[in-house]
Structure formats: C-alpha cells, structure tokens
Amino acid sequence: MLVEGKADFIALGRALLADPEWPNKVQKKKVQDIRPCIGDHDGCLGRTFKGKPLSCTVNPAVGLEAEMALSPAAKRLSVLVVGGGPAGMEAARVSALRGHGVVLWEKEDQLGGHLLAASVPEFKRDVRDLRQYFLTQLPKVGVEVRLGQEATLTRVQQMNPDVVIVAAGASPIIPKIPGVEQGHVMTAIDLLLGKRQINQGEKVVVVGGGFVGCETAVYLALKGKKVTVVEALPQVLEDMFSANREYLLGMMGKNRVEVFVNRALQEIKNHGVILSDGPKGRESLEADTVVLATGLESQKELQIALEGNVPSLFAVGDCLEPRRIFEAIREAYRVARLI
C-alpha cells in the first residue's frame, strides 16, 4: 500500500507486542519469521484491565526486555524436550537459540499439541498461524524433531541428556456419569481433530461452557447443527477477556446456539441428556450427539518417573496445571532462558 501510494503511514498495534521486529522482517521479506499476534488479549489488555503489567502471550519478554533478554549459554548442554505443544516448542526454540543441542520428542505424528484442535475453526485461524510460526522456526534454530516418539524412563536414560524439559500436556477429563461410554458421546478435542464424527441427526449438546465448549458449539452451528451448551456455573466463558467474550457470545447468538447455565449433567441417554439443578429440577434435552468439553487433567506420569533419575528436570505447561497458551509459552521461555 505504501509503494502504490494508497497509504502514507501504517500504524501497528498489538502486532508490535508479539514481534517488535515486524516492520524489519516485512522489509527484508522474512514474513514467515514474524511471531503472530493471536488476539487472545491474555497477555496485553487482559492483564492491564486487572492492574497487572503489560505482557504478551507469544512474547514473554514484553515490558521486561532487559531482564528477560536471551544470552548465549555459558556451556552447551544436550537438552531433551518431551512434548510438541506450545510449551514444548517454545522451550525447544529458546534453548536452541541460546546454543544448546536440542532434541524434541512428540508421541503424535505432528507438532502442535492442543494448538491443533484449537485452530480447526476458521475463526481461530490466528492460532493456526502461531503453530506455523513454530514449525518454521524450529528447524531454523537447529532443533531436531522426532515425531512418533513416546518418552519413557528407559528411553530417556538411554539418550542420557543433560537436561530434560517435560511438556507432556494434558488430556480431556471424562466425567464419571451413567451413559458416558456410549458411541454418540465424544470429547470436543477428538471431534475437532477428526478422530470422531458427529452422528446422524442435527441436535448436539455440548457439555461445558468454557473456551473449548463455546468455540466448538459455534464451529458445529456453522456446519448447520442445532447446538445447546450446558454449563454448571452461572455463566459461560467466565474467565475470557470481555472483548473476546462478547465477540464469541455474539457468534453464538447469531448462530442460534442455545445456552443452559446452572445445570449439572446427571446422565446421558441414547437420545439425550438428563440435567439436574435447573429451575425445574431434573430436565431432559434431546441429543443425537453429546460433545464433552469438561476440562483437562495434567499428564504427570513421565515427570514423576523421571524425578531423581535424570541430571536436571523441568516441567512446563499443562502437565503442571492445565491453563492457557499464555502460561505455557511464558513458563517455557523462562526455563529455557536460564538453563
């Protein structure tokens, strides 16, 4: 636009938090190296509205550029990163930038972790850009990626790394309720990844009104399904930043996603669900498919097995506690900066 005279000046906002080198990388035709803003507001406006210092989900050094600067490692170490989600990829990237020899093991056949499911809906394409950024950067900084490689105590000890960073992530929680084992019940993550398919029929009940549940509900509604979200708390999207929350609620309303709050899932039937605690006591909803978005639980087994059995061990991301991309990248950056 500048070259064609369509603009005299271009202003950048949050893009410069995510990557202060944005203009230089564009000028040098290194667009693929730009660290993308994903628009979640968790690091910037979400923090300032709470009276916390400004930061950035994808760039933990924002506001602490001097304190959080990366320096060459005093001694080159062999570093094994286990897990290829956002925490693992960031830990590998920063460790390699500092001069360590880094190998990244991922048990699945592709990198991304929960970024893969999170980026499936078209309205989450910014998350897709973040995953692509990591895929571009890891080989550039010299990270050796091994896919389909599941870590065990024996395999890790055979490799004998100086440092192990566990970023094993978290898996979906399956509530212990009658009927949950039926064939028309699936997790939102399995659905988004294509591991499970929606059954015949248009009625879908999504259990859980957090980020995953509401985004999955809109995704299904855009495909023509009649979707109802059931949430045990008094409101959905309780911890989402206000601007993002209003936008997503607007999408839910526009696509006629029905929302039931203050409802606990009690039982899953062949063609519906039974809810309790509502104004009518027990009530039923028809459903051809039930999608579970009932939270995540940390995968701690590897970390526990490795404790005391490797020279140096760190854990980052959801395997410590399921949270957001902000915490995953922040923890990984801090650990990799100091080893």
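## Burial and the aromatic pairs

A residue is called buried when its relative accessible area is under 20% and exposed when that area is over 50%, with partly exposed in between. Phe241 has a relative accessible area of 11%, so Phe241 is buried. The structure is a predicted model, and the values below are computed from it.

The count of aromatic pairs comes to two. One of them is formed by Phe49 and Phe241, edge-to-face, with 5.1 Å centre to centre and 75 degrees between the planes. This pair links distant parts of the chain, its members being 192 residues apart. Phe49 lies in the loop between helix H3 (45–48) and strand E1 (78–82), while Phe241 lies in the loop between strand E8 (226–230) and helix H10 (242–254). Phe49 has a relative accessible area of 60% and is therefore exposed, whereas Phe241 is buried.

## Cysteines

The count of disulfides is zero. Cys37 is in no disulfide, and the nearest cysteine sulfur, that of Cys44, is 6.4 Å away. A disulfide requires two cysteine sulfur atoms within 2.5 Å, so the 6.4 Å between the sulfurs of Cys44 and Cys37 is too far for a bond.

The two residues also fall into separate accessibility classes: Cys37 is partly exposed at 29% relative accessibility, and Cys44 is buried at 10%.

## Salt bridges

A search of the whole structure gives 14 salt bridges. In one of them the side chains of Asp42 and Arg324 meet, at 3.0 Å from N to O. These residues are 282 positions apart and connect distant parts of the chain: Asp42 is in the loop between helix H2 (22–27) and H3, and Arg324 is in the loop between strand E15 (313–315) and H12. Asp42 is buried, with a relative accessible area of 15%; Arg324, at 26% relative accessibility, counts as partly exposed.

Another salt bridge joins the side chains of Arg263 and Glu283, at 2.6 Å from N to O. The two are 20 residues apart, with Arg263 in the loop between strand E9 (258–260) and strand E10 (264–269) and Glu283 in strand E12 (residues 281–286). Both Arg263 and Glu283 are buried. Elsewhere, Glu122, Arg125 and Arg128 are linked in a network of salt bridges.

## Helix H12

Helix H12 (residues 325–338) contains 14 residues. From its first C-alpha to its last it reaches 20 Å, close to the 20 Å expected at 1.5 Å a residue. H12 is mostly covered, with 10 of its 14 residues buried.

The buried residues of H12 include Ile325, Phe326, Ile329, Tyr333 and Val335. Glu331 forms a salt bridge with Arg323, where the closest N and O atoms are 2.4 Å apart. Arg323 is partly exposed, with a relative accessible area of 27%.

Met1, Leu2 and Ile10 make a nonpolar surface patch of about 320 Å². Met1 is placed in the segment before helix H1 (15–18), and at 60% relative accessibility Met1 counts as exposed.

Gly142 sits in the loop between helix H6 (125–140) and strand E3 (144–147). Gly142 also counts as exposed, at 53% relative accessibility. The C-alpha atoms of Gly142 and Gly101 are separated by 7.9 Å, although the two residues are 41 residues apart along the chain.

Key. Residues are numbered from 1 along each chain as its sequence is written. This is a predicted model: local features need pLDDT of at least 70, side-chain atom pairs count only at pLDDT 80 or more; totals for chains, interfaces and linings use all residues. Side-chain values use heavy atoms; hydrogens and water are left out. Patches are made of residues with over 30% relative accessible area and no salt bridge: like charges are joined within 9 Å, nonpolar side chains (Val, Leu, Ile, Met, Phe, Trp, Tyr) within 5 Å. Accessible areas come from the Shrake-Rupley method with a 1.4 Å probe; for residues, only the protein chains shown count as cover. A salt bridge is a side-chain nitrogen of Lys or Arg within 4 Å of a carboxyl oxygen of Asp or Glu. Helices (H or I, at least four residues) and strands (E, at least two) are DSSP runs, numbered from the N terminus. Buried means under 20% relative accessible area, exposed over 50%, partly exposed in between (1.4 Å probe, protein chains only). Rings of Phe, Tyr and Trp (its six-membered ring) pair if their centres lie within 6.5 Å; planes under 30 degrees apart count as stacked, over 60 as edge-to-face and the rest as tilted. The expected span of a helix is 1.5 Å times one less than its number of residues.
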